[in-house]
Amino acid sequence: MSRKEAEIFERLDPERLPKHIAIIMDGNGRWAHRRHLPRIAGHKAGAESVRSTVETAARCGIPWLTLYAFSVENWKRRPKTETTFLMQLLRSYLKNEVPTLNKNNIRLQYIGRKHELPPEVQDRMDWAQDATSKNTGTVLTLALNYGARTELADAFSSIVRQAMSNGGFEHLQIDEEMIGKHLYTANLPDPDLIIRTSGEMRLSNFLLWQSAYAEIYVTQTLWPDFRGTNLLESIAEFQKRERRYGGLVANHSQPA
């Protein structure tokens with residue numbers, strides 16, 4: 001942890017650290033445009049931010065960190081040359097970062113429609129996940145080919161298939177707990193803190209179900225400029241919030 005990170009960390013309440021932080025990594029293209037560079041330069045720089053953020057989260061003892069790396073919309077709305085580069089970058093990142101993940105006791109996993117990704121990318125993903133599977137620290141989840149609406153559609157399809165294999169729909173009762181068990185994130189707690197870089201004020205189809213009571217922190221910092229210090233600053237802001245979960249404010253008789 002750098003000196004500046006340590007200074008910020010000392011001001012945090014260790015009892016009120018968020019358990020699950022999820023980040024919408026946005027701004028690679030704008031970062032490159034401002035420097036008159038191709039968009040791929042922004043994506044390369046963004047990979048450095050991933051390393052800094054993940055290491056800081058692990059050193060702080062954040063149990064779960066989820067990064068929105070590649071959306072289902074990216075396939076449809078980005079040039080093929082860019083999506084091809086992003087897949088190459090992902091393979092390179094996984095190969096290069098496994099030693100760092102193991103050094104920091106980080107376990108890697110994924111959410112999203114993995115089966116739709118190129119076979120060579122799936123192979124590298126499986127390799128990296130296996131290589132970190134025995135780690136017991138922070139769980140790093142990469143959302144790849146992910147969209148919250150497709151996640152919900154897949155969950156409902158899974159519920160239907162399960163009902164049909166168990167005798168039909170006569171006794172099927174759908175509630176929040178059942179839906180949660182069929183989401184990609186079934187093994188994860190809901191996020192406490194959602195961070196979005198680049199100043200955009202939207203969730204962009206990311207963890208819509210799970211973010212019902214998450215605190216949202218938006219920073220103007222573009223993702224390639226985001227570092228561990230920015231993560232700690234967002235946690236400091238999180239600790240100023242009073243989480244209500246639809247209830248009353250302490251010492252007040254009426255909801256705000």
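This is a predicted model: local features need pLDDT of at least 70, side-chain atom pairs count only at pLDDT 80 or more; totals for chains, interfaces and linings use all residues.
Student: Which residues lie nearest its centre?

Tutor: Met25, Tyr68, Ala69, Asn74 and Arg78 lie nearest the centre of the largest pocket. They belong to a lining of 32 residues.

Student: And which helices and strands supply at least two residues of that lining?

Tutor: On the helix side, helix 2 (28-34), helix 3 (39-60), helix 4 (72-77) and helix 5 (80-103) each supply at least two.

Student: How do the lining residues of the largest pocket divide into nonpolar, polar and charged?

Tutor: There are 16 nonpolar residues, with 8 polar and 8 charged.

Student: What volume does the second largest pocket have?

Tutor: About 340 Å³. It is lined by 19 residues, and Glu176, Asp190, Trp209, Gln210 and Ala212 are the closest to its centre. By class, the lining of the second largest pocket has 10 nonpolar, 4 polar and 5 charged residues.

Student: What lines the largest cavity?

Tutor: Arg51, Val54, Glu55, Tyr93, Glu97, Thr100, Leu101, Asn104 and Ile106. Split by class, that lining has 3 charged, 2 polar and 4 nonpolar residues.

Student: Which helix gives the most to it?

Tutor: Helix 5, with 4 residues. Helix 3 also supplies at least two residues of the lining of this cavity.

Student: Switching to electrostatics. How many salt bridges does the structure hold?

Tutor: It holds 19. In general, side chains of opposite charge can pair when their charged atoms come close.

Student: What does arginine 30 form a salt bridge with?

Tutor: One partner is aspartate 26, where the closest N and O atoms are 3.0 Å apart. Glutamate 200 also meets arginine 30 in a salt bridge, at 3.1 Å from N to O. Glutamate 200 lies in the loop between strand 5 (193-196) and strand 6 (215-218), whereas arginine 30 is in helix 2, so that pair ties together parts that are 170 residues apart in sequence.

Student: Is aspartate 26 buried or exposed?

Tutor: Aspartate 26 counts as buried, because its relative accessible area is 18% and the cut-off for buried is under 20%. Arginine 30 is partly exposed at 31%, and glutamate 200 is partly exposed at 22%.

Student: What about lysine 114, which side chain does it meet in a salt bridge?

Tutor: That of aspartate 126, with an N to O distance of 2.2 Å. Aspartate 126 sits in helix 6 (residues 119-131) and lysine 114 in the loop between strand 3 (107-111) and helix 6, so the bridge ties together parts that are 12 residues apart in sequence. Aspartate 126 is partly exposed, with a relative accessible area of 30%, and lysine 114 is partly exposed at 25%.

Student: Which residues are linked in a network of salt bridges?

Tutor: Asp192, Glu215, Glu237, Lys240, Arg241 and Arg243 are linked that way.

Student: Backbone next. What's up with phi of asparagine 105?

Tutor: Its phi is positive, near 60 degrees, in a residue other than glycine. Most residues other than glycine have a negative phi. Asparagine 105 is in the loop between helix 5 and strand 3, and it is partly exposed at 29% relative accessible area.

Student: And serine 204, what phi does that one have?

Tutor: A positive one as well, about 55 degrees, although serine 204 is not a glycine. It is placed in the loop between strand 5 and strand 6. Serine 204 is partly exposed, with a relative accessible area of 29%.

Student: Last one, the surface. Which residues form a nonpolar patch there?

Tutor: Val160, Met164 and Phe169 do, and together they have about 290 Å² of accessible area. Valine 160 is in helix 7 (residues 148-165) and is partly exposed, with a relative accessible area of 35%.

How values were computed. Residues are numbered from 1 along each chain as its sequence is written. Side-chain values use heavy atoms; hydrogens and water are left out. Patches are made of residues with over 30% relative accessible area and no salt bridge: like charges are joined within 9 Å, nonpolar side chains (Val, Leu, Ile, Met, Phe, Trp, Tyr) within 5 Å. Accessible areas come from the Shrake-Rupley method with a 1.4 Å probe; for residues, only the protein chains shown count as cover. A salt bridge is a side-chain nitrogen of Lys or Arg within 4 Å of a carboxyl oxygen of Asp or Glu. Buried means under 20% relative accessible area, exposed over 50%, partly exposed in between (1.4 Å probe, protein chains only). On a 1 Å grid over the protein atoms alone, a cavity is a set of points where a 1.4 Å probe fits but cannot get out, and a pocket is an open set with protein on both sides within 12 Å along at least five of seven lines; lining residues have an atom within 4 Å of a point. Ala, Val, Leu, Ile, Met, Phe, Trp, Tyr, Cys and Pro count as nonpolar, Asp, Glu, Lys and Arg as charged, and the others, Gly among them, as polar. Grid points are joined across faces, edges and corners, and a volume is the space filled by probe spheres set on the points.
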